[in-house]
Structures are given as C-alpha cells and as structure tokens.
Amino acid sequence: MKIPYGKQHITHDDLDAVAQVLQSDFLTQGPTIDLFEKAFAQYIGVKYAVAVSNGTAALHLCTLALNVNESTNVITTPITFAASANCVRYCGGNVFFADIDPTTATLDIHKVDALIKSKPRGFFKGMIPVDFAGYAVDTEAFRKLANEHGLWIIEDACHAPGGYFVDSKNNKVNCGNGQYADLSIFSFHPVKHIATGEGGMITTNDEALFQKLLLLRTHGITKNPNLLHENHGGWYYEMQELGYNYRLTDFQAALGISQLKRADEGLSARRDIAQTYERAFKSNSKIEIFPYNEGHAYHLYIIQVSDRLGLYNYLKEHNIFAQVHYIPVHTMPYYKQLGFKVGDFPNSEMYYAHCLSLPMYPTLSIDEQQFVIDKVLEFINK
Ligand SMILES: Cc1ncc(COP(=O)(O)O)c(C=O)c1O
C-alpha cells in the first residue's frame, strides 16, 4: 500500500462524463469548454473564465495579455513552482524575488514594499503572489500596494480553488475571484483539487483582458465578424496577434465539470485531514506546523522538522511518499545563471531546509491518516 502526497479521485460519473463527450461531435473547440468555463466562474464567483491546456499556459497567456516584454520587471516569491516565475521569462521580462513571510510561507508584503521602494518609480510593472499550499494571500493588501505604484497583479491560485481570506470589510474573498487581482490562474494537474490530466483556467473581471486571452489562446485568430478587418466569406478568419494553441479539449472539460461538482466535498475532506494532523502534531515541540486556517484550501499540508531528510527517508521506507514544496526557485541553475544565489532569500532557504508535505487528498482514509501520523511521531520521538 503506497501513500503518495497527493492523488486524483476519478469516479464512475467522471468516466461517464468523459465517455459522453468522446462519443459526441466535438473532441475540442466544442460546447463543453464553454460549460466548464461558466461552471468554474460560478464556483469561484468571478465574471470570466478561460480554459487552457495547463496552468503554465495560463500564466504565459496572462503575461502576454499584460504586455510583458524585455523591459518589464515583475516580483514573485521564491517558494513556488518554477512556472510562476518562468511566465515572465517567456516574454523576455525580468524576474525579481521578494522573500517569504515565514509564518505563512507566502510572499512577504513588507519585503515587496521595500523592493519596490528600492527602485525608481515605474521600475516594476507587476507582481505575482501565490496562494501557496492553498493559503489565500491577502490580495486586498497587495492591491493597495500595487495601486500606490501602478502595478498589475496576477494571482497564482493553482493551489487554492475554494480558498478564501476575509477582507477589511469582513467579506470572504475567494481566491481567483478577480476582486483585487487583475488575473488569476489555476491548474488541473492530477494532484490539484480538480483534475483534468493537464488543464488550467484563467479568471478575471476585466472584459478587455478576457477578450485578449480568448484570442491569444487560439493562435491570435478570430472569426468574429465584428472584429474582422476584412471578410471574404464564411471560411474567413484573421490572425490578429501572435498567439498559441493553448486550448483544453472538450473531454478534459467534461472531466473538469464532473470534478467541480465534488469540489466542496473534496475541500471539506482536506480541511478535516488538516485538523487531524494539527491535533496530532501541535503539542510536539519538534514539529512546526502552520496553524489551522478555515479559508485555507489545503492543497498541501506542510510540517517543518529539523531532520527533514531523515523523516522523508523514514516515511519512504514505510511506503509514505512525502514531498518537498518547493526548492526555492532562485536557487535553480537557470535562475543562478541570471545572477541569483543561495543566501539571497534567507527565509525561503530556511523554510526549504525543513519543510515536508505530508499526504493530503480527499480519499486519504482515516486509517491512512493515522498511519502517517504514527510514522511521523515514531521518527520524531526516536
Ligand atoms: C503554484 C503553481 N503554479 C503553476 C503551476 C503550473 O501548472 P501546470 O502544471 O498545470 O502547468 C503549478 C503546478 O504544478 C503550481 O503548483
């Protein structure tokens, strides 16, 4: 019995939904994409959603839509998947990192503020905060800072569909709802809350950005008669921008719709597991946890211990495949070659030295949870 750190859950309803679309007229560019986008937008509470081939494509389309180029400087966190930073590089832009707040492992707004103020006004064009592990960053605070300096915000909400924070007006703000961020992105990779194999979504309340994303997702080509410069007949289309093929297929969208129906159930199972882990570990002085937070979407449950490698290997010996999220992006050889070095972001590096993601997925049984807890405590209390 192997226990991974994350796993998809596929039901008979999911299989039926996919089979139905596979037997329909449209494998791609059909009506199911629109249905998935509408259902997802409704779930998140946002005006527009654009389905794309994966979360990385979503990030790339966002940087394209925001006109990132060689002279664009953008701030993000070192504790994220590389794609959160890479999307700036795809457009030739420059990545700047700001360190994390060790109490949440997300971008420290004070560090971002200091970084912005260390450069001339107008130097930075945007920031990409990440709802790391499912913790909803306070986008209201980031918006305030961004407005002071004329920056845009892409919220990387890959880990956080269903996550929220409570803003200064006491309203719940769902991750990706477009209230404070210009654009938000999600991934439907199998370890995520909603799995379509590969897949992603961009959400926004901005109609102009929405229209641009639709164009860029499909080669920059439009057939919309209202947008054409000329019209030669029914076959006529125009490529108006340099776009990509970043489309999701209709059968993936069918899987997404079916999975979305169970999203709340999955989220509440994740929150239960987080509380079980917290009860087991909170009084142990050798295990550091992030305190339970109701708005957290719990894509990951992370603990910090002194002998992380020892614990990782011990769990592996017992068929528990914990994981590390993340190796700080600025320490990757590619980013080192751009001038970053170990020592640049001490909070991120300290966090990385000790973090371990324990198994966290809705179908992790009570017995499996207990087995994981027993093995962690067995090693820690040795
Ligand atoms: C924070 C974050 N951003 C972006 C991505 C990229 O998503 P995808 O794997 O769907 O391209 C991921 C996925 O692993 C992620 O965890």
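1. Basis of the values. The model is predicted, and local features are reported at pLDDT of at least 70, side-chain atom pairs at pLDDT 80 or more, while totals for chains, interfaces and linings use all residues. Residues are numbered from 1 along each chain as its sequence is written, and side-chain values use heavy atoms, with hydrogens and water left out.

2. Fold and dimensions. The protein has 13 helices and 18 strands, where helices (H or I, at least four residues) and strands (E, at least two) are DSSP runs numbered from the N terminus. Its radius of gyration is 21 Å, which agrees with the value near 21 Å for a compact globule of 382 residues; the radius is taken over C-alpha atoms, and the globule rule is 2.2 Å times the number of residues to the power 0.38. The C-alpha trace spans about 75 × 55 × 45 Å along the principal axes.

3. Among contacts with a separation of 6 or more, 72% join residues 24 or more positions apart, a contact being heavy atoms within 4.5 Å. The accessible surface comes to about 17,000 Å², and 53% of this belongs to carbon and sulfur atoms; the areas come from the Shrake-Rupley method with a 1.4 Å probe, and for residues only the protein chains shown count as cover.

4. Charges. The protein carries 32 positive and 40 negative charges, whose mean positions are 4 Å apart. Lys and Arg count as positive and Asp and Glu as negative, whereas His and the chain ends are not counted; the place of a charge is NZ of Lys, CZ of Arg, CG of Asp or CD of Glu.

5. Backbone geometry to check. The peptide bond from His-325 to Tyr-326 is cis, with omega near -5°, and Tyr-326 lies in the loop between β17 (320-321) and α11 (333-336). Ala-105, a residue other than glycine, has a positive phi near 65°; Ala-105 belongs to the loop between β5 (100-101) and β6 (106-107) and is buried at 0% relative accessibility. Ala-133 is not a glycine either, yet its phi is positive at about 70°; Ala-133 sits in the loop between β7 (124-128) and α6 and counts as buried at 5% relative accessibility.

6. Two helix residues. Thr-139 is part of helix α6 (residues 139-149) and is buried, with a relative accessible area of 4%. Leaving aside residues up to four places away in sequence, Thr-139 touches Glu-155, Phe-165, Val-173 and Tyr-180. Leu-209 is placed in helix α7 (residues 207-217) and counts as buried at 11% relative accessibility. With the exclusion of residues up to four places away in sequence, Leu-209 touches Ala-65, Leu-66, Asp-182, Leu-183 and Thr-204, while Tyr-292, 83 residues apart from Leu-209 in sequence, is 36 Å apart from it in space, C-alpha to C-alpha.

7. A search of the whole structure finds 23 aromatic pairs. Phe-132 and Tyr-351 form an edge-to-face pair, 6.0 Å centre to centre and with 90° between the planes, and this pair links distant parts of the chain, with Phe-132 in the loop between β7 and α6 and Tyr-351 in helix α12 (residues 346-354), 219 residues apart. Phe-132 is buried with a relative accessible area of 2%, and Tyr-351 is buried at 3% relative accessibility.

8. A tilted pair. The ring centres of Tyr-277 and Tyr-301 are 5.0 Å apart and the planes stand at 40°, so the pair is tilted. The pair links Tyr-277 in helix α9 (residues 263-281) to Tyr-301 in strand β16 (residues 301-304), 24 residues apart. Tyr-277 is buried at 0% relative accessibility, as is Tyr-301 with a relative accessible area of 2%. For these labels, rings of Phe, Tyr and Trp (its six-membered ring) pair if their centres lie within 6.5 Å, and planes under 30 degrees apart count as stacked, over 60 as edge-to-face and the rest as tilted.

9. A ring cluster. Ring pairs link Phe-97, Tyr-334, Tyr-335, Phe-340 and Phe-345 into a cluster.

Technical notes:
Buried < 20%, exposed > 50% of the residue type's maximum accessible area, 1.4 Å probe, protein only.
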